[in-house]
Amino acid sequence: MTGTRQARIEASARATLDKAADENFPVAPFFLPRAWRDDLMAVYGYARLVDDIGDGDLAPGGADARHLGVDPARADDRLLMLDAFETDLRRVFAAAGADPHHPLLRALKPVVRRCSLTLEPFIGLIEANRQDQLVGRYKTYDELVAYCELSANPVGRLVLQITGTASPERVRRSDAVCTALQIVEHLQDVSEDLGRDRIYLPAEDMQRFHVTEEDLAAPTADASVRALIAYEAERARQLLNEGTPLVGSVHGRLRLLLAGFVAGGRAALTAIAAAGHDVLPGPPKATKANLLREVGAVLRRARREG
């Protein structure tokens with residue numbers, strides 16, 4: 001491999017990891033032990049890359065495709081790329097044989113070994129992105145929640161596995177938080193998702209609020225769209241409330257990390273409300289000050305409940 005090609009590949013992987021700064025929640029904040037930060041970033045790199053494949057947002061140049069053994073000319077075939085990515089993922093978990101080819105998967109392999117991570121959550125994230133290529137509409141809220149079971153909940157479960165704190169009750173609370181965060185992201189990205197011919201607002205709710213797909217394509221939201229967004233936002237808030245006791249069930253720096261996850265969702269919901277639930281001009285973003293306030297509120301609740 002030439003030095004130029006190696007540099008290009010490393011730049012592609014770095015571009016994926018750099019997207020952590022744009023998330024609603026802290027991915028691997030400075031206050032965590034270095035080992036946790038490294039492990040969480042390895043998992044984030046995996047999750048971000050599989051989403052970028054599914055969304056067609058890979059870095060230019062074709063480095064990701066080449067590493068997965070796909071002709072860069074076919075890198076826009078998302079199902080092909082996801083299949084190749086799963087093949088490389090399975091090398092991470094294989095007892096013997098070749099190491100994974102993609103640098104982000106090579107970085108993941110020691111984390112999997114050290115933390116005894118299981119294959120299932122990683123496969124779930126790939127399946128969610130396969131579903132995105134085939135399903136662009138959801139009839140019911142339950143269907144959307146089932147999608148979040150694949151697209152979001154595995155991340156929380158991996159965080160618990162990495163930190164050695166997984167238990168059935170914590171997993172249940174984590175699932176509620178992660179599903180809420182996914183719904184909040186969908187609410188922020190209605191216009192962007194529609195541009196990809198995807199709608200993550202349940203069709204039954206759109207009908208109830210008399211909202212059409214044409215309404216979602218408008219520059220700004222009318223009263224019906226705002227009412228629908230407010231309704232879905234309240235559902236997300238209830239899920240966050242259900243999951244918040246997770247924060248009080250752990251201690252130390254992990255408590256602060258999980259408080260950041262919950263607070264990120266709450267702050268995003270506050271930003272959506274502050275925009276009058278008009279998400280169509282662009283995703284309402286939380287301010288740093290509001291995020292910090294929400295972190296404080298979540299931690300205070302955790303101390304009371306603890």
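1. **Before you start.** This is a predicted model, in which local features need pLDDT of at least 70 and side-chain atom pairs count only at pLDDT 80 or more, while totals for chains, interfaces and linings use all residues. Residues are numbered from 1 along each chain as its sequence is written, and side-chain values use heavy atoms, with hydrogens and water left out.

2. **Helices 13 and 15.** Start with helix 13 (residues 223-243) and helix 15 (residues 252-274), whose axes come within 10 Å and cross at roughly 160 degrees. Helices here are DSSP runs of H or I with at least four residues, numbered from the N terminus. Axes are lines fitted to C-alpha atoms over the stretch in contact, and angles run from 0 to 180 degrees between N-to-C directions. Helix 13 and helix 15 are therefore roughly antiparallel, a label for angles over 145 degrees.

3. **Who touches whom there?** On the helix 13 side you will find Ile229, Ala233, Ala236, Arg237, Leu240 and Asn241, and helix 15 brings Val262, Gly265, Arg266, Leu269, Thr270 and Ile272. Contact means heavy atoms within 4.5 Å. By type, these residues are 7 nonpolar, 3 polar and 2 charged. Ala, Val, Leu, Ile, Met, Phe, Trp, Tyr, Cys and Pro count as nonpolar, Asp, Glu, Lys and Arg as charged, and the others, Gly among them, as polar.

4. **Helices 7 and 9.** Now compare another pair: helix 7 (residues 141-151) and helix 9 pack at about 110 degrees, with axes 9 Å apart. Helix 7 and helix 9 are therefore roughly perpendicular, the label for angles of 65 to 115 degrees. Tyr141, Leu144, Tyr147, Cys148, Glu149 and Ser151 of helix 7 meet Asp175, Thr179, Gln182, Ile183 and His186 of helix 9. This contact divides into 5 nonpolar, 4 polar and 2 charged residues.

5. **A serine in helix 9.** Is serine 174 buried or exposed? Serine 174, which lies in helix 9 (residues 168-188), is buried, with a relative accessible area of 4%. Buried means under 20% relative accessible area, exposed over 50%, and partly exposed in between, with a 1.4 Å probe and protein chains only. Leaving aside residues up to four places away in sequence, serine 174 touches Gly156, Arg157, Leu160 and Leu246.

6. **Salt bridges.** How many salt bridges does the structure hold? There are 24, each being a side-chain nitrogen of Lys or Arg within 4 Å of a carboxyl oxygen of Asp or Glu. One of them joins arginine 90 to glutamate 86, with the closest N and O atoms 2.8 Å apart. These two are separated by about one helical turn, because they sit 4 residues apart in helix 4 (residues 78-93). Arginine 90 is partly exposed at 40% relative accessibility, whereas glutamate 86 is buried at 13%.

7. Glutamate 192 is partly exposed at 43%, and arginine 196 is partly exposed at 23%. In helix 13, arginine 235 and glutamate 232 are 3 residues apart, so about one helical turn separates them. Their side chains meet in a salt bridge of 3.5 Å, N to O, and both residues are buried. Elsewhere, salt bridges with shared partners link Asp83, Glu86, Arg90, Glu127 and Arg130 into one network.

Conventions:
Angles under 35 degrees count as roughly parallel, over 145 as roughly antiparallel, 65 to 115 as roughly perpendicular and the rest as oblique.
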